Amino acid sequence: MIELIVFIQLAAFIYWLIRQQYSYWIRRNFPCDTEIHIPYGTLKAAVRGEKSMGVVLYDAYLRSPNLPFVGIYFLYHPGIMIRDPELARRILKQDFNSFHDRGIYVNEKRDPLSGNVFSLRGQKWRSLRQKLTPSFSSGKLKAMFCTSDDIGNKMIDYMNKVLPEKDYAEIDLKNICVTYAIDITGSVIFGLDINSFENPENKFRSLMHISRHSNLIGVLIFFCPFFLNIMTRFGFKNKKAIRLREIMKNTIEYREKNNVIRKDMLQLMMQLKNTGKINVNDDNFSAKPNTANGEHKEFTLDGIAAQGYLFYIAGQETTSSTAAFTIFELAQNAELLARGQKEIDEVLQRHGGELTFDALSEMTFLESCLQESNRKYPVPFLNRECTQTYIIPGTNHIIEKDTPIVISLLGLNRNPQYFTPSSPNK
Ligand code: HEM
């Protein structure tokens, strides 16, 4: 009998706890999403692998058409979706001090490969960001441009092989763009000659494969880092990052032993490791150790591997989707396609038929096309964490410290209030 009473009390307490958790926004009189599923919160379709996280957040954006911000739940965790572009701008720029972290999973102590510039917080993020910034200067990008020159030629060879001279053939354009992006990443970031056009099943490319659990892991990384921290404590490891670390380690050792200097990102990170900074001189890719400067001990092989893994993830889907969507859109608009082709032909003619960094910078119409693709098919959301209590301007609503924030770019960029639809499919 006593057992039964204890059981009922325990069940009632758990029920009360769950009710408390999922009534967080209602209790605070905060505008709140109407579709909440325990235990998924707003993310049911994402956790179950039915939709991507970006689309699930877009659905939530569409459900509250008249609200500037709305309370949602990342699984059990209360968070806020910003719907108003002015408030989004304030959070990202003007009031950055209250939202300077992304709040995603990072555990430098137990999982050093998680310590990348996307996940680090506060002063650690600021300091690493400052150190890495020179590697993205236009001078450095220009210098690295020729490192990846012949990959474009390999893509053209491949296209010539699969496309007949007359008539037509069906090709998977996205796959071709991914292959191109992978080879560029391999070359510019890891210093590898991959040639995925000839050898599509290579080990570097296979690291991209998405597993059954990728969706859930994505949700945990972004919105429930607490669980990943526990999993890390119990031995969970990012095998892809470990594999990439091994690849980078071997290349670094080879370069250091044979005094090889190559104009790529890996070389710049070796420079950061060995000298404490990335040289602002765009021609200087030397990674010769500077023993007079003790600072460099901060940046280790793990630091390089953590950034390498981030660049591997951040650079591929983004660039290949942008390229594929731009071609997809142009293919449906003969007039714009002809204008783009004309611009490319004219610019190349001015540059002796060579696609150089400077030639690319002159293709301004192409640039507008890429920007419009990024408007229509953006990275689907931005996320931040509230780093100090914040009163939403013009309201009495308070965002508590540590509350996760999400800005649906898909929602904002496709909202006809802000952008006029450019084609029948919005
Ligand atoms: C079309 C291509 C790309 C798009 C659309 C894109 C988009 C984005 C977006 C939306 C963010 C988040 C910004 C924020 O939270 O405020 C981001 C961050 C970042 N991206 Fe990209 N990206 C692209 C290509 C790349 C490439 C090629 C690399 C490197 C190889 C890269 C490296 C990064 C890094 C390191 C960050 C974090 C920056 C920081 O926190 O300081 N991205 N990117």
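Helix α16 (residues 334-350) packs against helix α18 (residues 364-376) at an angle of about 135°, and their axes lie 8 Å apart. That makes α16 oblique to α18, oblique being what remains once angles under 35 degrees (roughly parallel), over 145 (roughly antiparallel) and 65 to 115 (roughly perpendicular) are set aside. Welcome to a predicted model, in which local features need pLDDT of at least 70, side-chain atom pairs count only at pLDDT 80 or more, and totals for chains, interfaces and linings use all residues. Residues are numbered from 1 along each chain as its sequence is written, and side-chain values use heavy atoms, with hydrogens and water left out.

**The α16 and α18 pair**

- Axes are lines fitted to C-alpha atoms, for helices over the stretch in contact, and angles run from 0 to 180 degrees between N-to-C directions.
- On the α16 side, Leu336, Arg339, Gly340, Glu343 and Ile344 meet Thr364, Phe365 and Leu366 of α18 (contact means heavy atoms within 4.5 Å).
- By class, this contact of α16 with α18 has four nonpolar, two polar and two charged residues; Ala, Val, Leu, Ile, Met, Phe, Trp, Tyr, Cys and Pro count as nonpolar, Asp, Glu, Lys and Arg as charged, and the others, Gly among them, as polar.

**The sheet**

- Helices (H or I, at least four residues) and strands (E, at least two) are DSSP runs, numbered from the N terminus.

**Strand β2 and its partners**

- Five of the six residues of β2 (residues 77-82) are buried, so the strand is largely enclosed by the rest of the structure (buried means under 20% relative accessible area, with a 1.4 Å probe and protein chains only).
- Strand β1 (residues 69-74) runs antiparallel to β2, joined by six bridges, and Phe74 stands opposite His77.
- The two strands form a hairpin with two residues between them, where Leu75 in the turn has a positive phi of about 55°.
- With strand β6 (residues 404-408), β2 pairs in the parallel sense over three bridges; Ile80 stands opposite Ile405, and Ile82 has Ile407 as its bridge partner.

**Domains**

- The protein divides into domain 1 (21-113 + 379-413) and domain 2 (128-321), with bounds from an automatic or database domain assignment.
- Taken over C-alpha atoms, the centres of domain 1 and domain 2 are 30 Å apart.
- Their contact takes 24 residues from domain 1 and 23 residues from domain 2.

Methods
Buried < 20%, exposed > 50% of the residue type's maximum accessible area, 1.4 Å probe, protein only. Pairing = 2+ DSSP bridges.
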